[in-house]
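Have the viewer open as you read.

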Amino acid sequence: MLNSFSDSYAAAGVDVTAGYETVERIKPLVKSTFREGVLGGLGGFGGLFEPNIAGMERPVFVSGTDGVGTKLKVAFMMNKHDTVGIDCVAMCVNDIICCGAEPLFFLDYLALGKNIPARTEQLVKGIADGCRQAGCALVGGETAEMPGFYPEDEYDMAGFAVGVVDHGKIIDGSTIAPGDRLIGLASSGLHSNGFSLVRKVLDLTPDSLEQKIPEFFGTLGEELIRPTRIYVRQVLHLIKTLKLNIKGICHITGGGLYENVPRMLPDDITAVIRPCDFPESRIFSYLTSISDIPVRDMYNTFNMGIGLVMAVDQADVGEVLNALIQIGEHPYVIGSCVKGEKGVELSW
């Protein structure tokens with residue numbers, strides 16, 4: 001006989017006690033992300049944040065939402081769950097920084113086949129790590145245990161970020177002109193895009209992920225699970241601290257360079273990108289060497305080694321490069337803008 005609500009829910013596959021334990025485990029992780037503006041703590045029905053808009057003439061809130069995609073399948077096979085949260089944050093905050101917005105706060109959504117508190121703690125640890133990298137606060141979220149919908153050893157993850165920018169300082173690419181240069185910041189590898197193709201090409205299994213690959217100086221799994229880079233602090237350093245003129249920014253996500261670079265371009269500008277001017281990440285060289293994926297498809301799917309692209313006036317290139325180098329970046333001038341149809345051309 002079921003003697004309590006908890007017993008009844010447990011019989012249905014939902015462990016209420018595990019939920020309580022999870023909350024206690026993640027409280028210090030959430031608190032570690034708090035910044036000026038956070039009101040209250042974990043446990044309310046809504047996350048409260050009071051933005052500091054002093055000095056802004058016309059504050060504009062910018063939001064972004066995304067998930068991690070099938071990269072999670074790699075996490076399942078490796079039983080490694082402490083970095084995919086960084087990916088989740090990165091996919092959101094890297095998008096909103098493209099218009100010059102400073103990320104303020106983040107919320108997550110975890111859907112679990114079974115709430116295993118220690119594993120859920122690792123998921124939130126990754127999210128908290130990503131929030132600290134981005135300088136935004138984790139103000140709330142939802143952990144949904146959904147037995148029968150997801151297998152017990154699987155889950156899904158999504159996030160939502162909000163940032164703010166003064167209307168007069170929105171970066172929208174509208175001033176990009178012929179002669180402007182394109183500066184790229186290196187990716188850490190695949191980031192969180194193209195994993196469906198990667199999984200098909202590599203026919204991934206738990207055993208194959210443990211395979212040592214000389215090109216990677218480690219295992220295949222270690223290379224694939226490497227978290228997405230977060231570019232918030234680099235961009236804010238340029239536009240807020242140094243007040244440099246960045247005309248356009250694009251985050252290289254799904255669709256690769258071919259689809260994402262045009263998102264920041266005016267209708268009469270073509271971006272000419274020179275692949276020989278930046279190093280191709282080793283994972284992409286490896287994929288090319290073991291598959292017959294056409295070159296165009298590679299550049300239309302993956303970031304190919306560049307995770308963020310900025311358009312700057314030719315006269316400002318040196319100052320921007322030097323500023324990035326000073327904070328430990330390795331920027332590359334990867335191409336230029338010319339008059340023509342909106343789009344991307346690769347120049348070898």
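What follows is a short tour of some salt bridges and their surroundings.

Keep in mind that this is a predicted model. Searching the whole structure turns up 18 salt bridges, and a few of them are worth a visit.

Start with Asp87 and Lys71, whose closest N and O atoms sit 2.9 Å apart in a salt bridge. Asp87 belongs to helix H4 (residues 84-96) and Lys71 to helix H3 (residues 71-78), so this pair ties together parts that are 16 residues apart in sequence. Are the two partners buried or exposed? Asp87 has 0% relative accessibility, so Asp87 counts as buried. Lys71 is buried as well, also with a relative accessible area of 0%.

Next, hop over to helix H5 (residues 117-134), where Asp129 and Lys125 are four residues apart, which means about one helical turn separates them. They form a salt bridge, with 2.9 Å between the closest N and O atoms. Asp129 is buried at 15% relative accessible area, while Lys125, at 30%, counts as partly exposed.

Now for a pair that links distant parts of the chain: Lys247 and Asp180 are 67 residues apart. Lys247 sits in the loop between helix H9 (232-241) and strand E10 (248-251), and Asp180 in the loop between strand E6 (155-166) and strand E7 (181-186). Their salt bridge has its closest N and O atoms 3.0 Å apart. Lys247 is buried, with a relative accessible area of 11%, and Asp180 is buried too, at 3%.

Finally, look for a network: Glu21, Arg25 and Glu121 are joined by salt bridges that share partners.

Methods. Residues are numbered from 1 along each chain as its sequence is written. This is a predicted model: local features need pLDDT of at least 70, side-chain atom pairs count only at pLDDT 80 or more; totals for chains, interfaces and linings use all residues. Side-chain values use heavy atoms; hydrogens and water are left out. A salt bridge is a side-chain nitrogen of Lys or Arg within 4 Å of a carboxyl oxygen of Asp or Glu. Helices (H or I, at least four residues) and strands (E, at least two) are DSSP runs, numbered from the N terminus. Buried means under 20% relative accessible area, exposed over 50%, partly exposed in between (1.4 Å probe, protein chains only).
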